[in-house]
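Welcome, and please open your viewer.

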Amino acid sequence: MRVTPQRAHVWQILAESGAHLGAEEVWERARDALPGLELSTVYRALEALREANLVVESRLSEGPALFEANASSHPHLVCERCGGISHPEASPEVARGLLAALAAGSGGFEVRELHVVARGLCPECVRREEETVPVTDAS
Ligand SMILES: [Zn+2]
Ligand SMILES: [Zn+2]
């Protein structure tokens with residue numbers, strides 16, 4: 001891959017944030033350092049980085065594609081309440097365990113890629129929900 005300042009900067013934004021960002025979010029953050037940067041340039045940079053295996057597209061749900069600087073396929077936890085995206089602890093081990101279980105149970109199907117999305121409530125939203133449980137009126 002040819003390293004251009006745009007590509008280097010896009011990668012840096014993803015790597016430093018450790019977040020899952022859409023192209024437009026990357027663009028908004030990148031414009032401070034690279035005024036005049038076009039959104040289409042960000043799309044091309046993300047595509048080049050993806051091809052070079054420096055960035056993965058996390059296929060999480062409907063909505064825009066999200067990118068992150070984490071090249072291994074790994075499971076995601078998506079909160080239905082706040083939309084927060086996180087990784088399970090020891091996510092490489094979780095991914096390896098899932099792949100091994102799939103390989104054992106798929107009758108010879110060669111699994112190359114795995115996109116796992118678990119939906120539910122993040123710990124903060126669980127806590128918030130517990131706090132807002134209506135108190136039964138004693139009267
Ligand atoms: Zn991720
Ligand atoms: Zn949440």
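Here is the tour, stop by stop.

This is a predicted model, in which local features need pLDDT of at least 70 and side-chain atom pairs count only at pLDDT 80 or more, while totals for chains, interfaces and linings use all residues. Residues are numbered from 1 along each chain as its sequence is written, and chains are lettered from A and ligands numbered from 1 in the order in which they are written.

**Stop 1: the whole protein.** Show everything as a cartoon. Followed from the N terminus, the elements run α-β-α-α-β-β-β-β-α-β-α. The radius of gyration is 19 Å, well over the 14 Å that the globule rule gives for 139 residues, so the protein is more spread out than a compact globule. That radius is taken over C-alpha atoms, and the rule is 2.2 Å times the number of residues to the power 0.38. Along the principal axes, the C-alpha atoms fill a box of roughly 70 × 45 × 25 Å.

**Stop 2: two domains.** Colour 1-71 and 73-139 separately: these are domain 1 and domain 2 in the domain assignment, whose bounds come from an automatic or database source. Their C-alpha centres lie 24 Å apart. Seven residues of domain 1 are in contact with seven of domain 2, contact meaning C-beta atoms, placed from the backbone, within 7 Å.

**Stop 3: the core.** Now select V10, L14, V26, V42, L46, V55 and F67, the residues with the most contacts inside the largest nonpolar core, which has 17 residues. Such a core is a set of buried Ala, Val, Leu, Ile, Met, Phe, Trp, Tyr and Cys residues joined through C-beta atoms within 7 Å; buried means that 20 or more other C-beta atoms lie within 10 Å of a residue's own. Helix 1 (5-17), helix 2 (23-30), helix 3 (39-51) and strand 3 (66-68) each supply at least two of its residues. Zoom in on V55: leaving aside residues up to four places away in sequence, V55 touches W11, L14, L46, L49, R50, F67, E68 and A69.

Stop 4: Which order do its three strands have? The order is 5-4-6, with mixed pairing; strands pair if DSSP finds at least two bridges between them. Strand 5 (85-86) and strand 6 (117-120) stand at the edges with a single partner strand each, so one side of each is left without a neighbour in the sheet. Select strand 4 (residues 76-79) next: four bridges join strand 4 to strand 6, and the two run parallel. Finish at H76, which stands opposite V117 in strand 6.

Terms used:
Buried ≥ 20, exposed ≤ 12 C-beta atoms within 10 Å, placed from the backbone. Contact = placed C-beta atoms within 7 Å.
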